[in-house]
Amino acid sequence: MRSSRWKRMKKNNFLSDEIGSSLGSISGPFSVYIHIPFCLRKCPYCSFFSVPATPGGCEKYLDLLKKEILFYRAFLGKESEASTLYFGGGTPTLLTPEQWEGLLAFCGENIPISPSAEITVEANPESFTERHAAVWRNGRVSRVSIGVQSFIDGDLLWLERPHNASKACDAVLTAVREGFSVSADLMFGLRNQTLRSWASSVKIALELGVEHISLYQLTIDEGCRWNSSPPSGMADGYPFYRWSQWFLPRKGFSQYEIASFSLPGRHSRHNTAYWRRNPVLGLGAGGWGFLGEKRYRNEGSLEEYASSVRSCGGSVAGIEPVSGEKAAREAAVLLLRTKWGISFDAFSHKYGQAMLDTIRDTLRREAPCDCLSETSAGLSLTPKGMRVANALWSLIV
Amino acid sequence: MEQQYIRNFCIIAHIDHGKSTLADRLLESTSTIGLRDMKQQILDSLDLERERGITIKLVPVKMNYTAKDGREYVLNLIDTPGHVDFGYEVSRSLAACEGALLVVDATQGVEAQTLANAYMAVEQGLEIIPVINKIDLPSSRPDYVIREIEDVVGLDCDHVILASAKEGKGIDDILERVVEKVPAPLGDREAPLQAMIFDSVYDNYKGVICYIRVVNGRIRAGQTIRFMATGGVFPVEEVGVFRPGFQPCDELAAGEVGYVVSNIKTVAEAHTGDTITDNGRPAASPLPGYRKVKPVVFCGFYPVERDDYPQLRDALEKLTLNDSSINFEPETSVALGFGFRCGFLGLLHMDVSKERLRREFGVELVATAPNVVYEVVTKDGGLIEAHRPSDFPEIGEIQEVREPVIKISLFVPTEYVGKVMKLCQDKRGTYISMDYLAPDRVRLMYELPLAEFIIDFHDKLKSQTRGYASLDYEFTGLKAADLVRVDVLVSGEAADAFSFICHRDSAYHRGQAAVRKLKELIPSQLFEVPIQASVGKKVIVRQNVKALRKDVLAKCYGGDITRKRKLLEKQKEGKKRMKQIGKVSIPQEAFLAFLQVEEDEEK
């Protein structure tokens, strides 16, 4: 027992150092993702890492997080600065405004953040307060992404969300009023959901003043509570998605990514960094990162995270090097998530002309032409292509 | 034992009419088996038989019996396989006997199978002793059954034995009657050896064991014998009798039944019906009635796991050591990979073989729907034996197609006659005759294409007559029919695995069923996929698999790209394992489902 624990420490130590030095070798902008793994309770469809929040637990976690930040700070070069910061969860709003104040201040002091950086916090309606908003304002948070899911009480009840529709309205209104660029997450493909009820949720979000909408189809992944006994009667996702692709652009929201619509200039720069394979420093228990052609994940339980951070500063639990052909294929898939698609020059420069040709030929040969939009400069998916993106990606992955 | 004290007899009975239990009682009564060693249905040689309660063939047994006249007799019980697939084996077993017990269930009456075998016994000159079994059951109606045996079979039932094998009633009467009625075997013990093989089995230690009835002469260890049909010459290593295990003895002489072991490696060298003679002093001619049985029903056997191909081959080889009527040859299927095309005597034979492969050799396999062999005469006068649709030439080159036909006789309660006639007509049957066996039972005779019979005739007959009909059939040869090959095209490309042969009149109907089925089985693709059925160049049915409308699960938790990529890679892998027909990916399961449900199409 003791020796296997020791080995693990050695392993974490080794892996974290490796990621740290990758961080050190980048020059220029990078993104930071910070995971806050606390929830009031686990939603039945969620397979994400989270634990119930306890006052002492949050405090302890924040200490560890700070330690982890310090660990990576030591590797950072002078040139590099964070262009985006994203606090995701879990439910980040379960941290108290005071805790937020401390965390944001600590980040500001120990991570070089660009003056123009986009800083996003995920908020859940049941725990988001005006005091959070005020603290975030002071801490330079610019975006708030709210886990609305639906503005229909029946939907929220069925999803076992801890908030109702009026709470969701309040949350969005508060965030908009405080001057944040607000995004709302909405879910479709729910039981008893109709196109009419979906449309009303989308319209309410727009009327409340969001500038960005992320829409997700409910999926029952492995590891969630519903996985063992999936609910029946879930609506087919097609009409909801199809309608949104028609409706949102008419309201000025263009679809810039598979699941994301925004007003001009209001796309999520942090998420866009993912799709462009820009470097991401992932922090916190269950966080993911991407540095120097390596994708990595942190320890996924609070105990492992704590012991790893205490012993060696970082908590990297696994690294997957992605280079060569694998990197090119991954890049193509990620780029095709977005409306900007693959730029031929940039792609061939980064991954080689041969890979570009291979991928382009496959798509030209196997994909229906109304799914692709090709110019002399690049290739992207049409709205129809986005609807069947999985099938297209699996051709080239 | 002197010939005059030997009685060789068999039991003719329908499945479930109590043959195995009756045999058990005879063994007990003659103390052939001590009570201590008695297990249920001791002569059912295969586990499978005991379990399914159907007996394909009982092992033979020699019983000693002291009759009421005070003399000791030897009674040899030889079984007849109780299923229509094994008509030839029945005839050989009958040929080894001088008498037969005709066992009829007192609650059921005479069934088609029983009648056919009884007639065969009469034809071969056997003395028939009618036995009505299960008279203990409350629903038994012996009087009715007696009348039926008299009317239908035409046997005199003045001395019918009423028995209950279960309760041991009538057993002594049966033994006594066998001694009294069944003639003692004839044959000249000093003549050159003639012994008929009525069965052979493979034993891991002894090699092939031939079950024989000595007709003339004598056979003993050390003798050199010749198999007159195959020409094989072997030394006799051991002769013996069935007790019911193998018990060696010095010699077997004319009239006796027993076994011979002579260093033969496969049962294919010892055909049922062949005559064994002395190599040094051969008989002038073989015993009559020998023929080589030919498989009539074919299907593909494929290992569930592709890597198990060699294992399946070994298992089939071992199985044919035991059962030379099975043949097999390698075959490749686009859907199922490497496997074997296997020929069987009939559907039950096929089923049992499949089950034995599974149980005795531990091979999990997929069986394709059974089919028959067609003869195709081409316009340039050639003759093609078509085992599968792809063997058919282009429609323009075909002069005539011939298919195997059977004469089927059905015993049906009058209330179901209409339904059964409809069934026969649906199956392209040609009416031959109908006669009343009893006021409420009818015998229907039809000529039926074997191909139609093997699809699902049995099941349909059972369900439409609630199990009250029974049938027997015999092959009557090949007959020309207006048969066509229906091709299935997926996205314009012919998909071999899905084509089939059927009558021109049902081409549209079955083509539609196949296309509909495929439409369900082929998942949506990026493109709309037309599925067509065609005869020659002419498309007769078309349906489209609609193009994929939506396939995007966008969730990408906090940048867990790895997970997303793995999912996509898995999807791509899955696609690689699918069979590509043009641009269309068809999952393995679709082929399997198609092959296995083909028989349901017409329902």
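This is a predicted model: local features need pLDDT of at least 70, side-chain atom pairs count only at pLDDT 80 or more; totals for chains, interfaces and linings use all residues.
# Notebook: sheets, helix pairs and the A–B contact

I started with chain B, where 8 strands make an open sheet with antiparallel pairing, in the order S11-S10-S16-S7-S8-S15-S12-S13. I took strands as DSSP runs of E with at least two residues and helices as runs of H or I with at least four, numbered from the N terminus. Two strands count as paired if DSSP finds at least two bridges between them. At the edges I found strand S11 (233-235) and strand S13 (246-249) of chain B, each with a single partner strand, so one side of each has no neighbour in the sheet. From one strand to the next, the twist averages 40°.

Residues are numbered from 1 along each chain as its sequence is written, while chains are lettered from A and ligands numbered from 1 in the order in which they are written.

**More on the chain B sheet.** I looked up two of its strand pairs. Strand S7 (residues 194-203) of chain B pairs with strand S8 (residues 207-216) of chain B in the antiparallel sense over 9 bridges. Asp199(B) has Tyr211(B) as its bridge partner in S8(B). Strand S12 (residues 238-242) of chain B also runs antiparallel to S13(B), over 4 bridges, and a hairpin of 3 residues joins S12(B) to S13(B). For Val239(B), the bridge partner in S13(B) is Cys249(B).

**Chain B overall.** I get 13 helices and 33 strands for chain B. Of its 603 residues, 46% count as buried (buried: 20 or more other C-beta atoms within 10 Å of the residue's own; exposed: 12 or fewer; partly exposed: in between; C-beta atoms placed from the backbone). I then checked contacts, meaning residue pairs whose C-beta atoms, placed from the backbone, lie within 7 Å. In chain B, 70% of the contacts with a separation of 6 or more are between residues 24 or more positions apart.

**Where A meets B.** Chain B puts 23 residues into the contact and chain A puts in 35. The classes are: Ala, Val, Leu, Ile, Met, Phe, Trp, Tyr, Cys and Pro nonpolar; Asp, Glu, Lys and Arg charged; the others, Gly among them, polar.

**Strand S7 of chain A.** Here 7 of the 8 residues of strand S7 (residues 181-188) of chain A are buried, so the strand is largely enclosed by the rest of the structure. I find S7(A) paired in the parallel sense with strand S6 (residues 143-149) of chain A over 5 bridges, and Ser145(A) has Ser183(A) as its bridge partner. S7(A) also pairs in the parallel sense with strand S8 (residues 212-217) of chain A, over 6 bridges. In that pair, Phe188(A) is bridged to Gln217(A).

**A three-strand sheet in chain A.** I noted an open sheet of 3 strands in the order S15-S17-S16 (chain A), with antiparallel pairing. Strand S15 (342-343) and strand S16 (372-374) of chain A are its edge strands, each pairing on one side only. S15(A) and S17(A) share 2 bridges in the antiparallel sense, and Ile342(A) has Leu379(A) as its bridge partner in S17(A).

**Helix pairs in chain A.** Helix H2 (residues 55-73) and helix H11 (residues 302-312) of chain A have axes that come within 10 Å and cross at roughly 45°. (Axes are lines fitted to C-alpha atoms, for helices over the stretch in contact; angles run from 0 to 180 degrees between N-to-C directions.) H2(A) and H11(A) are therefore oblique to each other (under 35 degrees is roughly parallel, over 145 roughly antiparallel, 65 to 115 roughly perpendicular, the rest oblique). Tyr61(A), Leu64(A), Lys67(A) and Glu68(A) of H2(A) meet Leu302(A), Tyr305(A), Ala306(A) and Val309(A) of H11(A). That contact has 6 nonpolar, no polar and 2 charged residues.

I also looked at helix H13 (residues 344-351) and helix H14 (residues 353-366) of chain A, whose axes come within 7 Å and cross at roughly 125°. H13(A) and H14(A) are therefore oblique to each other.

**Helix H16 of chain A.** Helix H16 (residues 389-396) of chain A is mostly covered, with 6 of its 8 residues buried. Among them are Leu392(A), Trp393(A) and Ile396(A).

Methods
Two residues are in contact if their C-beta atoms, placed from the backbone, lie within 7 Å.
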